[in-house]
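Open the model in your viewer and keep the selection tool ready.

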There are 4 protein chains.
Amino acid sequence: MPVLPIWAYHFAPNVSHGTQKGMDMKRVAICGASGYSGMELTRLLARHPGVEVVAVASGRWSGQSVRERLGIPGPTGELRYQPTIDPATEVDATFFATPADASQELVPTWQREGQPVLIDLSNAYRADEGWVYGLAEYAREQVAATKQVANPGCYPTATQLGLLPLIRAGLLASGPIIVDAKSGVTGAGRKVSDTLLFNELADNHYPYRVGHHQHVPELERQLEREVIFTPHLIPARRGLLVSCYVPLQAGKSADDVRACLAERYAKEPLVNLAEPGDTVGIGSVAHTPTCRVAVGPTVKQGYARVFSSIDNLLKGAASQAVQNLNLSLGLPETQGLM
Amino acid sequence: MPVLPIWAYHFAPNVSHGTQKGMDMKRVAICGASGYSGMELTRLLARHPGVEVVAVASGRWSGQSVRERLGIPGPTGELRYQPTIDPATEVDATFFATPADASQELVPTWQREGQPVLIDLSNAYRADEGWVYGLAEYAREQVAATKQVANPGCYPTATQLGLLPLIRAGLLASGPIIVDAKSGVTGAGRKVSDTLLFNELADNHYPYRVGHHQHVPELERQLEREVIFTPHLIPARRGLLVSCYVPLQAGKSADDVRACLAERYAKEPLVNLAEPGDTVGIGSVAHTPTCRVAVGPTVKQGYARVFSSIDNLLKGAASQAVQNLNLSLGLPETQGLM
Amino acid sequence: MPVLPIWAYHFAPNVSHGTQKGMDMKRVAICGASGYSGMELTRLLARHPGVEVVAVASGRWSGQSVRERLGIPGPTGELRYQPTIDPATEVDATFFATPADASQELVPTWQREGQPVLIDLSNAYRADEGWVYGLAEYAREQVAATKQVANPGCYPTATQLGLLPLIRAGLLASGPIIVDAKSGVTGAGRKVSDTLLFNELADNHYPYRVGHHQHVPELERQLEREVIFTPHLIPARRGLLVSCYVPLQAGKSADDVRACLAERYAKEPLVNLAEPGDTVGIGSVAHTPTCRVAVGPTVKQGYARVFSSIDNLLKGAASQAVQNLNLSLGLPETQGLM
Amino acid sequence: MPVLPIWAYHFAPNVSHGTQKGMDMKRVAICGASGYSGMELTRLLARHPGVEVVAVASGRWSGQSVRERLGIPGPTGELRYQPTIDPATEVDATFFATPADASQELVPTWQREGQPVLIDLSNAYRADEGWVYGLAEYAREQVAATKQVANPGCYPTATQLGLLPLIRAGLLASGPIIVDAKSGVTGAGRKVSDTLLFNELADNHYPYRVGHHQHVPELERQLEREVIFTPHLIPARRGLLVSCYVPLQAGKSADDVRACLAERYAKEPLVNLAEPGDTVGIGSVAHTPTCRVAVGPTVKQGYARVFSSIDNLLKGAASQAVQNLNLSLGLPETQGLM
């Protein structure tokens, strides 16, 4: 008597959609729909009022319906997973929620004159000149003008949202930037591995890939600064926190740091700055498309602390991909996310 | 540097609502808005396209805004918690997410000729003849015809949804019905108690209130049968499973049980029957308004097993209260829930 | 930079044993030493003052030392895992902490005139007439007189310790016995399976193998009664609780049940009866060799409730195996366990 | 039907001690025996072969027996908690596992000519010149020569064990030292507080007391260096990890750091250095008296990474206090700890 996986049935299966989806819906396809990011993407897009999912691909679930696997009702639920999607399928956009090597195989088959918007969630194209690096809050115009968006990694998203305003405002001095990062276990993807078993992770916490995490080059390229980055696993399913230690220009205070972030994010719908004295926990951003940033109250030896937290599967992957879809297709940026 | 509570910021604070709420919105008030059920209710109603929340009461949070405490954007976020709500406030419905004794004090101040719909989530009025017991799937017409709805308890909701069809179809023989029930820790409410500390509950599991749980009389009244009921705590935040052992009439099989449930729930949007061979876990109903039911594949010594699982804070409290609101005000039953 | 598994380094590696182990130490070997039960067994025996571990077998860890894998200091730590152990090795006892099919292959190679004591932890020999079923508290003399001990399963151990006194005292009437059982995830063994991932089990709880768990025949054979048994997973690493619903003879009370258990277990070092009004949780037996039993305060429809809890890896496997070793070799029964 | 707390019954209650405790046992008393550290201390000392516990104090549990609260068998279990202990009681040593303000009230009543050894676990006397700061591995002779030992805090213990050898060997350059620290929730003590509820901590992770943690002055005094220290809570019951970022002298490598630690700790029974390529997790030190240290494989911008992990309640409190007791009374340093 197999149990349905924990991610299933987050929708009621027998219900017809309240919102009738309109005539000029954007058509989208999802490759890699059975990974954690692909599942979140499918859920978000099924609810998106401006989008119609027309194809989902997954080797693992080939032949099964989205309703059966994710419990999603309505037309998206009726779709069946295909082993692959024909690149000739008529769509406005295609997501690649696939590992980097799979993206590198698949994407070229979709590239052509008049291609749909391609949004890749792996790190295959983040350094590629033909692609826009889709950190949504910092690349709105470029994303709107391209057909190739490389969605940022989860750690780089949180770190950049915390540090970019400071770097651009010239608040940081030279000197090492330390980023001590912690992530829930879905950050490691949906591998069936000994180290991801409940009995190994519950009650545990440790650093991993110290000195050679794949996100470091991406982060340094984007920040245009070296970063001492160390990821750790925490015994939670989702959510990610980066604790950043940054050298300030002489005379700058924690209040200056906070003011800089406050000004930058005052009108951002999906980045939220903690009040002075408040802090940030992964529990308050899990299951949301929001990034929450906090600044430590003191400066010591010239260093300030900036904390930034997101849901690794949403702002760190699927919901940021939807932001990029919206930007790229001319829909309201947060449509389908609230 | 206090941390925001884990339930905060499940909305992005700076965003204006996409959906413009219309002119003929129903006006509702929430008493007891800072308990776990009251917070879920506030979240659901803030998103409900047919409802406008006009007042929220909480002694604990008096003076603070909904945005500050729950991170909810838009007009609901602007509301400030009041110590109490004037019963003369013009509303279509008022929720009481208060403990039973508080409900018994508050409700009478709202009762009058032409009163709004009163929906009480405590057990204060579940046995009261002037009230309709709002197990939504079994009381649609009565709820639509009353102004006083007693929202069922969490354990009784799951148990009745699993067993009522069998009792009504005459499938059950006499003989003891065993209900072994397990709940995540929010089932115990938002008390600051030694037994609800992380260090006491993590890695733990035990029965509690054995032989004298407050839900037993409610359950037996509704089922019109005696029940041997034993609740247990599980180290999870939310979700509830009842494992029911029921005596069948001679000659009846597990397939008969399944067929009976399948027929009853074929068209129910919020009750979902597991496929033969599948089972049910709290992980797949948590954060949903859905009840999921499964039937064990065998009958032994005349007994069948029926499993029923809900989110204790949603179908076991807040989302069922919204179902009752919708039924009572003539809105589509699942509006605001999908 | 691989992380050491969570079960490692529960000993300080550089320390020489305080207790000098004596000359007439019993020599033991462990097959299947890298499963969860085998690891616990290795830990217990390394500390056992009357025992010397002379060989450990594990395909997975072949060539590595016990110190490297488990962090155990002293002579046991110096042992290296072998792919297999030569049955001609001179030992007083051999443990088989192997799956049933592996036990069935290995055990016959050790059986001979003058063989060592064989203690099998799988269910391969529990129904075998040439073997003693080693529920220690109920089989002391038989274990002392045999060279072949089949160690009981975890669920059957807890259930029998709760119910055998009542059955033997004639307190139970005919009628179904319901055993609703819940176990931490190590109960499923050390498989690398999708369903045992942290992300699938955290926040989850569900029944499994309903109607066909491998422990049912063992349980019914031992109790000489039919049992309606349903196991469930709880999101904890170790510990097991059975909630048993039993029909009493007419006129019998919960006090009679408690008195019967109290008398039986008054002098048992490793079975502990909760005081009236107290209950039992897995948190208080985890990491101990003790079984804790509690009786519900009321009888309803002729049914009483008996709760029994153990650590599935200790009293449900490794520590009971050590009890059996001690009984069989003439050592004090709880030696090495306190 | 109250449930026994999770920390109870980690001993089998009816068992007589295997080891007969000898005639020249050291007599000890414990003040503050019902806090988390006090409970661990009681458990350790009950098993200590060279020690007899003669008095335990707790306001909360006054009148109850140690057996009732902790399930400890034998003579220690028979002791009853007293509201206070008469300082004239004839003992060799007294532990104060009390908050700092309580220690400051109690300790002076015990100070006199010929007083017993006083071991205080709070931060009341760590900066006091009349006391020895009992970081056991670094203060053996001083502890052996004093009657007043201030037991180090948990974060400072882990951090010093990781960094002191590097500082003393002159390996560190000037420049900020960053200590990003993470602790399980028992680090916060046994307060009944809203923020320590299961529902607030499960699935959560956040920094706390940023910029003003009480351990910073202790740490800086001991290291004779400024430290940028930030503690975080992790959703686990026990265990603590510090991730330290330290500036190296020019030309020094990660191998130099490792070699320095390897030399210093080669013969330390309770400090264990991870092999090159291995790392350290709290899961492998929880429930042990051991500190485990690892060094990141690379140096970047002149910075190395040192990770150090302990059980906050053992090496960070109770087991280090027992080390200090042993040193101070002339017993083998690790007696009672293995």
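In what order do the seven strands of the open sheet in chain D stand? Select them: the order is β9-β10-β8-β11-β14-β13-β12, with mixed pairing. Strands here are DSSP runs of E, at least two residues long, and helices are runs of H or I, at least four long, numbered from the N terminus. Two strands pair if DSSP finds at least two bridges between them.

This is a predicted model: local features need pLDDT of at least 70, side-chain atom pairs count only at pLDDT 80 or more, and totals for chains, interfaces and linings use all residues. Residues are numbered from 1 along each chain as its sequence is written, while chains are lettered from A and ligands numbered from 1 in the order in which they are written.

Next, select β13 (291-295) and β14 (303-310) of chain D. They pair antiparallel over four bridges. Click Arg292(D): its bridge partner in β14(D) is Ser309(D).

Axes are lines fitted to C-alpha atoms, for helices over the stretch in contact; angles run from 0 to 180 degrees between N-to-C directions.

Move to chain C. Select α1 (36-47) and α10 (318-329): their axes come within 8 Å and cross at roughly 50°. That makes α1(C) oblique to α10(C), a class for angles that are not under 35 degrees (roughly parallel), over 145 (roughly antiparallel) or 65 to 115 (roughly perpendicular).

Last stop: show Leu41(C) and Leu44(C), among the α1(C) residues that meet α10(C). Contact needs C-beta atoms, placed from the backbone, within 7 Å.

Terms used:
Contact = placed C-beta atoms within 7 Å.
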